[in-house]
Amino acid sequence: MGGKCPHRSVKKRRYSHKQFRRTKFLVKGDDAVFDELKRPEGERKPLPVDEDLPGMGQYYCFHCDRYFANVTVRDEHFKTKKHRKRVKLMMGPAPHTQLDADLAAGMGMPDNGPKLMSMS
């Protein structure tokens, strides 16, 4: 009763979904995007032409850190729920940084409180 496992093909299909494929692209963290958006418009550099990026790197969403092939695709992205939620998130309070995470894990400077009495 040998043969292939009947569920082997299911395991191969697991990573064919779009959200799993999208994770291979490196995106900036929320704190880096937040800092980029808080800078004034004059300090932002113009987008350089890059042949490796979609649309030569000219059609970019700052909030989602994504490049698009042309203007119409980018404008359609601006209407999506995912983009609108991201804009709302970036307009709110600053997201957590690595320093916040270290302090929450107890890896920061210890705070033992004020010294009340010295033992001599």
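This is a short walk through one protein chain, from its overall layout to a few single residues.

First, the ground rules. The model is predicted, so local features need pLDDT of at least 70 and side-chain atom pairs count only at pLDDT 80 or more, while totals for chains, interfaces and linings use all residues. Residues are numbered from 1 along each chain as its sequence is written, and side-chain values use heavy atoms, with hydrogens and water left out.

Now the layout. The chain has six helices and two strands. Both kinds of element are DSSP runs, numbered from the N terminus: helices are H or I with at least four residues, strands are E with at least two. Reading from the N terminus, the order is α-α-α-β-β-α-α-α.

Next, the surface. The accessible surface of the chain is about 10800 Å². Carbon and sulfur atoms hold 58% of that surface. Such areas come from the Shrake-Rupley method with a 1.4 Å probe, and for residues only the protein chains shown count as cover.

How much of the chain is buried? Of its 120 residues, 14% are. Buried means under 20% relative accessible area, exposed means over 50%, and partly exposed lies in between (1.4 Å probe, protein chains only).

On to contacts, meaning heavy atoms within 4.5 Å. Take those with a separation of 6 or more: 40% of them join residues 24 or more positions apart.

Let's turn to charges. There are three salt bridges in the structure. The term means a side-chain nitrogen of Lys or Arg within 4 Å of a carboxyl oxygen of Asp or Glu. Glu-36 pairs with Arg-39 at 2.8 Å, N to O. Arg-39 is partly exposed, at 32% relative accessible area. Then Arg-74 pairs with Asp-75, with 3.9 Å between the closest N and O atoms. Asp-75 is partly exposed, with a relative accessible area of 32%. Finally, Glu-76 pairs with Lys-79, and here the closest N and O atoms are 3.6 Å apart. Lys-79 is exposed, at 58%.

Which residues form the positive surface patch? Lys-81, Arg-84, Lys-85 and Lys-88 do. Patch residues have over 30% relative accessible area and no salt bridge; like charges are joined within 9 Å, and nonpolar side chains (Val, Leu, Ile, Met, Phe, Trp, Tyr) within 5 Å. Lys and Arg count as positive, Asp and Glu as negative, and His and the chain ends are not counted. Each charge is placed at NZ of Lys, CZ of Arg, CG of Asp or CD of Glu. Look at Lys-85 in this patch. Lys-85 sits in helix H5, residues 81-91. Its relative accessible area is 57%, so Lys-85 counts as exposed.

Now two loop residues. Met-56 lies in the loop between helix H3 (30-38) and strand E1 (59-61). Its phi is near 60 degrees, a positive value in a residue other than glycine. Met-56 is partly exposed, at 39%.

Asp-65 lies between E1 and strand E2 (66-68), again in a loop. Phi of Asp-65 is near 60 degrees, positive in a residue other than glycine. Is Asp-65 buried or exposed? Buried, with a relative accessible area of 11%.

Last stop: Gln-98. Gln-98 belongs to helix H6, residues 98-104. At 55% relative accessible area, Gln-98 is exposed. Along the chain, Gln-98 and Asp-31 are 67 residues apart. Their C-alpha atoms are separated by 8.8 Å.
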